[in-house]
Amino acid sequence: MSTNIALKDIHWLIDMVHNIDVGLVIIDKDFNVKVWNGFMENHSGLLTAHMVDKKITDVFTSIPEDWLQQKVNSVCLLKNKAFTTWEQRPYLFKFKSYRPITSNAEFMYQNVTFLPLTDIVGAVTQICMIIYDVTDVALNRQALQEANHKLEHLSHTDGLTQLINQSYWQERCQVEFKRHQRAHHKTSMVTLDIDHFKKINDTYGHPFGDQVIKGVAESLRQNQREPDIVGRVGGEEFSLLLVDTDLAGAKVVAERIRAAIEALRFECDGKEVKVTVSLGIAQITDSIEDFKAWVKMADLGLYLAKNNGRNQVGFSVH
C-alpha cells in the first residue's frame, strides 16, 4: 500500500512540474539537460526527448557560456540561490512573446532563479533553473519610464520652439559655471534678441511673430555645435552656452548666427519680411562671482549691440 501511495505521489509531482506555468530546467554541472518541463516545450518548440542529455549552450547558442559557468560556480560554491532579472539580462532563453497584438514586445522578458540540487551526501550535482515570464512587468515598467522621460522633457522644453526653456537653461548655466570653478574650462555665453520684434507683432500680428520666433530658433539649431546648449529665455530672446569656448571663439559663433538669421526670409500676405538680431557675448572669468553676474555681462553686451545700431555683436570685458 505504501509503495502505491509513493508512486501516486511521484506521478502527481511529475505532473505538476510538467504543467506549472513557469519554466523549469535542471542541468548537471556540465550543462547537460536532465529535466525540461511543459512550459519550456511550449515556448521553445523542443520536446523533452529532444533536450535531455543535450548541452544547453549547444542548443541555445545565445546563452553566454562563460556567464552561465559563473552562475553555476557561484551556486555550487555557496550552495545557495542565485538570481538574474530582466533588467540585468532581458532573457535567458529567447522565446517569442505571445502577448496581445497591442504589445510591442518582441520576446519574453524573464527573471531566472538558480537553485542548487544536492545528492545524499550534500554535494551539489545539479542546478535547477526556474524561468518566470515577466513580460507584463517589464513592459509596464518601460512604459512608466518612457512617460516619466516625456514629462521631464516637457518640463524642460519651450512649447513654441522646442528649445530648452528659461528655468532649465538657468540650471545649465549654474552647471557650466560650477564646472568652470572646478576645472577652469573656458565657457562663453551668447544672448540674442530679435530686433524691433514689437513692431513685427504690431504690423503683421502675433501668429506671424510666432512664425519668426520659430524660424530664428530653427536657425540657432542648425548653427549650433554639438556640445552647445541653446534655450529660449524670453519672448523674443534666446541664449547659447558655448562649452570650451573663449571670447574670440564666441565672437566667431555669434557672427555666424547673426549672418544666418539676417539671411532668413519670411513671408506674410505675399510680402517678404526680413529680420535681424542683436547679440551680446561674455566669457566666464575668475572675477565673475556667480552665474547671474555672467548673465548680466552677456546682457550688457546685448545692450551695447542694440545701442550701437542693432544687427551686430556686442561685448564688455569684466
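**Notebook: strands, cores and a helix pair**

I began with the pairing of E7 and E8, which run antiparallel and are joined by four bridges; strands count as paired if DSSP finds at least two bridges between them. Helices (H or I, at least four residues) and strands (E, at least two) are DSSP runs, numbered from the N terminus. I note that this is a predicted model, in which local features need pLDDT of at least 70 and side-chain atom pairs count only at pLDDT 80 or more, while totals for chains, interfaces and linings use all residues. Residues are numbered from 1 along each chain as its sequence is written, and side-chain values use heavy atoms, with hydrogens and water left out.

**E7 and E8.** I found that a hairpin of four residues connects E7 to E8. Gly-231 has Ser-239 in E8 as its bridge partner. In E7 (residues 229-232), Ile-229 and Gly-231 point one way, Val-230 and Arg-232 the other, and all are buried. Buried means under 20% relative accessible area, exposed over 50%, and partly exposed in between (1.4 Å probe, protein chains only).

**Cores.** I looked up the largest nonpolar core and found 29 residues; Leu-192, Ile-194, Val-212, Leu-220 and Phe-238 have the most contacts inside it. Such a core is a set of buried Ala, Val, Leu, Ile, Met, Phe, Trp, Tyr and Cys residues joined through side-chain atoms within 4.5 Å. Elements giving two or more residues to this core include strand E6 (188-194), helix H9 (206-223) and strand E8 (237-242). A second, separate core has 27 residues, among them Phe-31, Val-33, Val-75 and Met-129.

**H8 and H9.** I recorded that the axes of H8 and H9 come within 7 Å and cross at roughly 135°. H8 is therefore oblique to H9. The axes are lines fitted to C-alpha atoms, for helices over the stretch in contact, and angles run from 0 to 180 degrees between N-to-C directions. Angles under 35 degrees count as roughly parallel, over 145 as roughly antiparallel, 65 to 115 as roughly perpendicular and the rest as oblique. On the H8 side I listed Phe-197, Ile-200, Asn-201 and Tyr-204, which meet His-206, Phe-208, Gly-209, Val-212 and Ile-213 in H9.

**Two buried residues.** Asn-223 belongs to helix H9 and is buried, at a relative accessible area of 17%. Leaving aside neighbours within four places in sequence, I found Asn-223 in contact (heavy atoms within 4.5 Å) with Arg-256, Ile-257 and Ala-260. Val-277, in strand E11, is buried with a relative accessible area of 0%. Val-277 and Glu-262 stand 15 residues apart in sequence and 7.5 Å apart in space, C-alpha to C-alpha.
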